[in-house]
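Let us walk through this structure together, one place at a time. Please keep the 3D view open as you read.

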Amino acid sequence: MKISYNWLKSLINTEIDPQLLSKLLTDTGLEVEALDEISTVKGGLKGIVTGKVVSCKKHPNADKLSLTKVDIGNAELLNIVCGAPNVAEGQNVLVATLGAVLFINDNELIIKRTKIRGEDSEGMICAEDELGLGTSHEGIMVLPEDVPVGIKASEYFNIENDWVFEIGLTPNRADATSHLGVARDIFAALKNNNILSETEKDKIRLNCKENESLTQKSDNSILTEVEILDKEACKRYTGITIKNVIVKESPSWLKNKLKFIGLKPINNIVDISNYILFHLGQPLHIFDADRIAGRKIIVQKFNYGFDFTTLDGAIQKMSPDDLMICDTEKPLCIAGVYGGLNSGITQNTSNIFIESAYFNPVSIRKTAKRLGLKTDSSFRFERGTDPNMTDKALIQAANMISELAGGIICSPIIDVYPEKINPFKINFDFSYFDKIAGKMIDRNVIKNILKTLDISIENESEDALQLSVPPFRVDVTRPCDIAEEVLRIYGYNNIEIPNRLNASLSYHTIPEREKILDTLSNFLSSRSYNEIMCNSLSKSDYYEKLNYFDKNHCVRIINPLSKELEIMRQTLLFSALETVALNNNHKTLNFKLFELGKTYHKKEGDGLNKYKEEYHLSLIQTGQKENETWKNSKSTYDFYSLKADVNDVLLRIGIKPESMNTKECTGTYFQHGLSYYSGENVTVTFGKIDAKLLSFFDIKAEVYFADFNCDMLISLTSKISHTFKPVSKYPKMRRDLALLIDEKINFNEIEKLAKDLKSPILKGIGLFDIYKGDKIEKGKKSYAVSFDFVSYEKTLTDEEVDKVMQKLIKLYSEKLGAVIR
């Protein structure tokens, strides 16, 4: 947003340097992204002075050039070679002196001492197009005879110069979308810092015609009635009718103000509405009163869609949610966004109706976004304007039109204000502010800052203030907002950095969530996994076309950017498969990936209770374990490589896999897989992805996937007590058994029976061979099982180990029907 320095000075009587003001604005939260000096003529005619041609003769070496001597008021005359056909002795001219910069056809020309065809030239006699004062290049610009020699051209032509601030306005600062809003911040900052002396501070005033009244009384010859049918979308509507206006070019002062901030002047009526918009921040809309059927304005929404042609000739598709300004027969404009083609003013307009309203920001924002229309009016309405400014802006506009367009005010101010918008009431505690600020600021300073920001103190005590915040400060509704207002005016740079750092002991819930997640992330990275971070938004097709997850549990986005981003993901699986497909398409075939992220679910309940978030960890393996070399055989990832990593993840955070209940996955997206349970809750599910699902993502390789419920992992770690146990200094002993058992028996049953024996010296059980074949009877298999024994107290004897082994053999024979081979 562009702000004019001269315009600001008309609102606040200060001569503060623009560079210093730029810093001040940035410090108060209105970041100045650029500061440019501009003029009504590009370059401001710097280095251009009036002069008199004392002599003029032909150039000895060029027929079309002349040698002149020009008096510019200095002791010596300037020798200037001139090519203009109309140059003559005795003329008063404009001279570009050495060092001056001319802007010709958007190119810079710096005037330097030079030789032209062997003759010295110490300047340039200028034509009007070379100075930006016109378009003619037929000859030099000749001034009247009475023009003094040596005066600055900028003074002679009354060139206006200004500084323009380019402010990067944040969305919350709706109050600063005008020169008045910016001036209010400058006023507060200058009053409450050390830039000015106390005497200068006392002279600072904020000048605004907020109490201006109509300069002429209405004659009531043309009346326009206003009716608001949608009082939620339109909170206040004011208007006034003016007759006999003359639509013409605006005066120079008004055109220059608009040009300096980047606006193109159109005519006096439109320029006045733009002036009010950037002066007070209140958008106006001006109708041709003779085009308002029934002399009545109706503010309403329609219960059906229709086509509407805007001022630019475009046809917009209106919906029942769009607020319209209508007469008794037709819509006239899109409220707060864009005017209509058949209700705007033209060169033939004589009678006008001025609208100044306050619209619901949400309503305007939705309409502007849906239609893709961004205007200066919608920019302000959708952020929130001042409901108490509508009548003040209307009066100022009416008076200006009366003065600059010769109009006669022919109606009183129509003000429809169904329910007054009251100021925000905030209790502001000083101790809370001290905690936020990190410094105790004098209470009188705080109160002065609030007063200069138009925040009223209704009641005060030693410890707190009862504040009333005007409605134009839509971003100030809480004590923390008040604290921010005080600090930005007081100056964050005035908050000293303390010489010492105070800290307190922090008691965290054990286990620390982030610490466990970091541990898992570091562990997996050390195991050659690469971390991925995927979008939490997903395609609806994954849940509607694939039947792996209940689509009724999906959390849907109300206004999605696209169909690819309209569902909050229920699982990390689909984003993992998208990553695999992308890498495979780029010929990256061998990798291990992991992701830590949230999943989102809808459940039974009301309000926020019907939504649930879970934190999950996913592992993905695909391709070969190692890159192919001359000494490595092809070894691909499989179910058992994934299971080993799943078990290692659990062990890394102190959870023993054997303590989990195990169940085979059926009817899921796994071709085959396992689930680990803690009680009835699934802790991790892992396995080989079904080929049908892989084909949906056009993946031809095998993919192995694991899904951990991190919330469950963290809950389990809180139940684990960790104690240190040294490594035994005594030797380990091993015994092996070959067990002939039924095919239905698995290793888990063998391991469980051994652990149920609860022998203090039995420390490990392992399966190192499986045999099935014609050398044993049908329906049987042979397991080769190892048993490790160790004591922390002594060296074990064969008798002690054999005693345990006999118990194991008896158990396996009785419980499993095992035969020792």
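Helix α8 packs against helix α11, which spans residues 390-404, at an angle of about 145°, and their axes are 10 Å apart. If you look at how the two pass each other, the crossing of α8 and α11 is right-handed. Keep in mind throughout that you are looking at a predicted model.

Which residues bring α8 and α11 together? From α8 come Asn 268, Ile 269, Ile 272, Tyr 275, Ile 276, His 279 and Leu 280, and they meet Ala 393, Gln 396, Ala 397, Met 400, Ile 401 and Leu 404 in α11. Sorted by class, this contact holds ten nonpolar and three polar residues, and no charged ones.

Stay with α8 for a moment, as it also takes us to a pocket. The second largest pocket has a volume of about 780 Å³. Its lining is made up of 27 residues, and those nearest the centre are Val 270, Ser 273, Asn 274, His 285 and Leu 311. Two or more lining residues come from each of α8 (268-280), β16 (284-288), β21 (331-334), β22 (338-339) and α10 (376-381). Of these, α8 provides the largest share, five residues. By class, the lining of this second largest pocket counts 16 nonpolar, eight polar and three charged residues.

At least two lining residues are supplied by each of α18 (639-652), β35 (661-664), β36 (670-678), α21 (747-756) and β40 (762-771). Which element gives the most? That is α21, with seven residues. The lining of the largest pocket divides into twelve nonpolar, eight polar and eight charged residues.

The axes of α15 (residues 513-526) and α20 (residues 710-717) come within 11 Å and cross at roughly 110°, which makes α15 roughly perpendicular to α20. This crossing of α15 and α20 is right-handed. On the α15 side, Arg 513, Ile 516, Leu 517 and Leu 520 take part, meeting Cys 710, Asp 711, Leu 713, Ile 714 and Thr 717 in α20. The contact of α15 with α20 has six nonpolar residues, one polar residue and two charged residues.

Notes: Residues numbered from 1 in each chain as written. Predicted model: local features only at pLDDT ≥ 70, side-chain atom pairs only at ≥ 80, totals over all residues. Heavy atoms only, no water. Helix = DSSP H or I, 4+ residues; strand = E, 2+ residues; numbered from the N terminus. Nonpolar A, V, L, I, M, F, W, Y, C, P; charged D, E, K, R; others polar. 1 Å grid on protein atoms, 1.4 Å probe; cavity = no way out; pocket = protein on both sides within 12 Å on 5 of 7 lines; lining within 4 Å. Points joined across faces, edges and corners; volume = space filled by probe spheres on them. Axes fitted to C-alpha atoms, helices over the stretch in contact; angles between N-to-C directions. Parallel < 35°, antiparallel > 145°, perpendicular 65-115°, else oblique. Left-handed = near helix turned anticlockwise from the far one by under 90°. Contact = heavy atoms within 4.5 Å.
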